[in-house]
Amino acid sequence: MSTYPTPQRHHILSVLVQNKAGVLARVASLFARRGYNIFSLAVAPTEDPQFSRITIVVDVEGTTLEQIVKQLFKLIEVVRISELDPQKSVERELFMATVRTDGENRGQIVELANIFEAKVLAVGVDALTLSLEGSPEKLDDFEELLRGYGIVELQRTGRIALPKLDREAHSRAVKGKAS
Amino acid sequence: MKITGAEALIKALEMESVDVMFGYPGGCILPAYDPLLKSSIRHILVRHEQGAGHMAEGYAHVTGRPGVAMVTSGPAATNLVTPLCDAYMDSIPMVAITGQVSTTAIGTDAFQECDTVGITRSITKHNELVMSAEDLPLAIRQAFHIATTGRPGPVLIDVPKDVLQNSMTWHWPTDEEVQASLPGYHPTTKGHPRMIKEAAKLMLTAQRPVLYLGGGVLKSRAAEVVREIAELLNIPVVTTLMARGAFPDSHPLCLGMPGMHGTAAAVTAMQKSDLLIALGARFDDRVTGKVSAFAQEAKIIHVDIDPAEQGKVRRPDVPIVGDCKLVSIEILKALRELLDGGEVQADIAPWRSRCSGWQEQFPLAYEPSAPGAALKPQFCLEQIRDHAPEGTILVSGVGQHQMWSSQYWHFDEPYTWVNSGGLGTMGFSVPAAIGAKVGRPDKTVWAIDGDGCFQMTAQELITASISNIPIKVGILNNSYLGMVRQWQEMFYGERYSEVDLGGGVPDFVKWAEAMGCVGIRVDSPEEVAPAIERANSINDRPVVVDFRVEEFEKVFPMVAAGASNDDIILPPSQNERREYLR
């Protein structure tokens with residue numbers, strides 16, 4: 001069972017904001033005040049330190065996405081909002097988990113980690129800490145498989161996303177830079 | 001040359017052409033009150049910070065200029081919360097300045113510290129905590145820019161005490177610097193040409209059009225051009241509670257106010273319409289009644305400067321984001337072009353005669369009081385109206401008296417009606433009337449209040465007396481929380497719970513006199529006109545007239561909360577004619 005909302009309800013908004021104190025609180029309190037649901041949220045400065053990008057996975061239930069976007073855009077510090085179509089964007093999320101191991105199954109867990117190309121970050125007497133970066137679906141699968149061993153602690157970052165590059169546009173841009 | 005942050009703040013307000021501000025000093029804002037001594041700005045010392053906020057709103061309502069309130073931190077800032085929310089709901093341009101504890105003390109639960117910016121975040125268009133004296137001028141410029149452009153609203157600037165005390169080099173930001181500092185703020189003012197053409201075409205083909213005017217018509221100062229549109233096509237007009245005065249009540253096309261206590265003609269015309277032209281209106285629940293049953297056959301043209309209003313309640317067929325005035329000018333142009341090009345408007349004469357039929361059959365009506373019986377509140381209002389000097393501004397609180405004011409006054413000019421529409425703030429009237437009178441000292445200002453409302457903010461009459469702001473207050477005193485009592489009578493089986501305000505106490509005349517006002521008590525119909533004439537003749541102090549009115553009078557028509565507008569409850573005398581509403 002995926003922990004993510006059904007595709008119809010799941011929308012990724014990439015929100016470019018002025019990098020100012022309190023801007024995240026503004027976004028969060030707007031969602032709370034109008035009864036919108038945030039599924040996950042990731043925020044950090046962009047290449048231009050004046051701006052931050054907030055990637056919000058919105059769980060649209062009851063309100064239209066259009067209304068959420070319009071209300072968000074009314075915040076003075078919101079500069080641009082784009083909805084990223086999952087088909088036309090690349091998404092990544094980071095996952096860290098500490099899994100219980102009785103010694104006997106340690107090998108199995110490491111093998112599983114190898115299959116998923118996860119990393120072993122720390123090894124203890126009776127536990128392992130693993131990390132995995134990838135698409136949210138891949139993370140879901142890995143989490144599901146680890147659950148059987150007993151997850152002690154788990155932390156996911158929430159996803160970040162950027163539009164997929166159109167190859168022609170990309171090559172044009174590269175050429176433009178070169179000349 | 002170096003000046004202090006406090007001097008910069010006052011100088012910035014002067015640069016923004018602020019001529020008056022309403023406020024109350026205290027600990028953290030103290031430094032700002034010193035340079036005020038030598039400023040050109042008139043400061044009106046209120047008796048409670050809520051009063052300062054509502055005065056700023058009243059001032060903004062009648063002048064179109066942003067109202068300014070300045071108070072200290074903590075409890076003063078929280079006292080400002082109600083007016084900020086009120087201004088936010090009714091899109092009133094307002095700039096609030098609050099003191100804050102020193103930057104070094106923020107977060108320590110210092111004396112009179114509160115998270116003002118956090119508390120007011122969802123009830124302001126924007127707010128900002130200014131952390132250095134250097135940033136003050138830009139913050140003030142941004143505040144006025146944001147409060148007055150796009151959809152107007154309140155902006156709060158929170159200023160720590162040390163920011164006021166520190167010195168800075170004065171720099172007044174240019175327009176370009178302000179624009180550059182707000183990369184995400186570009187309100188759309190010009191409507192989309194294709195949508196405007198589309199709207200004009202629909203307006204010519206509609207057979208049962210209604211112009212649905214909201215507060216945006218007044219905010220954008222579009223009343224004149226909207227009237228030209230109405231007259232060009234002879235389209236009937238309704239004016240919402242926030243738009244009273246945007247179109248003259250005396251005009252043959254005016255059907256009055258729609259909504260929960262609107263006229264039967266306005267409510268029914270919207271219900272039966274095939275095209276609602278919504279200008280600066282937001283399909284509020286008090287107007288639509290049950291949304292799924294609202295104007296089911298109508299197509300919608302929705303002009304609003306706030307894109308989030310488009311489709312929030314009702315999906316428009318023609319959405320136009322833009323300034324109501326600019327868009328209306330373009331619509332008028334497009335209509336004239338189509339008509340000049342040989343297009344012919346659909347025949348709406350049958351529709352107009354239906355509308356006037358409803359007006360004739362269902363006028364606003366109440367039973368006049370029997371000889372010797374208690375005064376009727378509607379009668380008092382009619383008398384105040386008929387004795388009012390030209391251009392009188394009417395200000396009301398919230399409840400039955402507000403609805404009667406909107407119903408029985410004849411609004412023939414824009415900016416003569418001030419009330420709390422969206423938030424429904426009891427106690428709004430007295431301070432808002434003071435703000436209105438400060439903004440328009442040339443006009444007579446009547447505050448109509450209920451006895452419940454009056455007791456919430458009456459102390460501001462002391463402000464009015466001391467600062468020579470001669471407003472007139474008419475209390476429609478039924479010793480009840482009248483509107484709540486009406487709901488308990490109609491929807492709770494006459495089980496009256498906590499609505500009796502206790503009859504003889506307070507003595508409003510003595511109270512008025514104690515506050516430096518003239519107090520007049522009116523019990524019988526023959527005393528009404530002389531009392532009003534006396535009130536109108538007094539201009540050196542405020543006047544309070546205590547009209548002792550019938551306790552059980554109800555406001556009609558009425559659409560019950562959540563009911564369909566088709567199920568409008570008529571005054572009892574009109575019930576037998578109900579079939580004509582078809």
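**Domains, chains and cysteines in a predicted model**

Chain B of this predicted model is split by its domain assignment into domain 1 (2–181), domain 2 (193–361) and domain 3 (377–548).

Trainee: Let's start inside chain B. How many residues of domain 2 of chain B are in contact with domain 1 of chain B?

Mentor: The centres of the two domains, taken over C-alpha atoms, sit 37 Å apart. Even so, domain 1 of chain B and domain 2 of chain B bury about 650 Å² between them, with 56% of it on carbon and sulfur atoms. Domain 1 of chain B puts 10 residues into the contact, and on the side of domain 2 of chain B the number is 7.

Trainee: Which residue meets Arg151(B) in a salt bridge?

Mentor: Between domain 1 of chain B and domain 2 of chain B there are 2 salt bridges. By class, the side of domain 1 that touches domain 2 in chain B has 3 nonpolar, 5 polar and 2 charged residues. Arg151(B) lies in the 2–181 range of domain 1, and its side chain pairs, at 2.9 Å from N to O, with that of Asp306(B).

Trainee: Now the two chains. Which residues of chain A lose the most area to chain B?

Mentor: The contact draws 19 residues from chain A and 21 residues from chain B. Together the chains bury about 1600 Å², 49% of it on carbon and sulfur atoms. On the chain A side, 39% of the buried area comes from a trio: Arg26(A), Lys74(A) and Ile76(A).

Trainee: And what is the N to O distance in the salt bridge of Arg315(B) and Glu66(A)?

Mentor: Polar pairing between chain A and chain B comes to 8 residue pairs in polar contact, both partners at pLDDT 80 or more. The salt bridge count between these chains is 3. For the side chains of Arg315(B) and Glu66(A), the bridge spans 3.2 Å.

Trainee: How far is the sulfur of Cys355(B) from the closest cysteine sulfur?

Mentor: A disulfide is a covalent bond between the sulfur atoms of two cysteines. Searching the whole structure turns up 0 disulfides over all chains. Cys355(B) is buried too, at 2% relative accessibility. Its closest cysteine sulfur belongs to Cys254(B), and the gap is too far for a bond: 12 Å.

Key
Residues are numbered from 1 along each chain as its sequence is written. Chains are lettered from A and ligands numbered from 1 in the order in which they are written. This is a predicted model: local features need pLDDT of at least 70, side-chain atom pairs count only at pLDDT 80 or more; totals for chains, interfaces and linings use all residues. Side-chain values use heavy atoms; hydrogens and water are left out. Domain bounds come from an automatic or database domain assignment. Contact means heavy atoms within 4.5 Å. Buried area is the accessible area (1.4 Å probe) that two parts lose on being put together, summed over both. A salt bridge is a side-chain nitrogen of Lys or Arg within 4 Å of a carboxyl oxygen of Asp or Glu. Ala, Val, Leu, Ile, Met, Phe, Trp, Tyr, Cys and Pro count as nonpolar, Asp, Glu, Lys and Arg as charged, and the others, Gly among them, as polar. A disulfide is a pair of cysteine sulfur atoms within 2.5 Å. Buried means under 20% relative accessible area, exposed over 50%, partly exposed in between (1.4 Å probe, protein chains only). A polar contact is a pair of N or O atoms within 3.5 Å; within protein, one must be able to donate a hydrogen and the other to accept it, and residues adjacent in sequence count only if both atoms are side-chain atoms.
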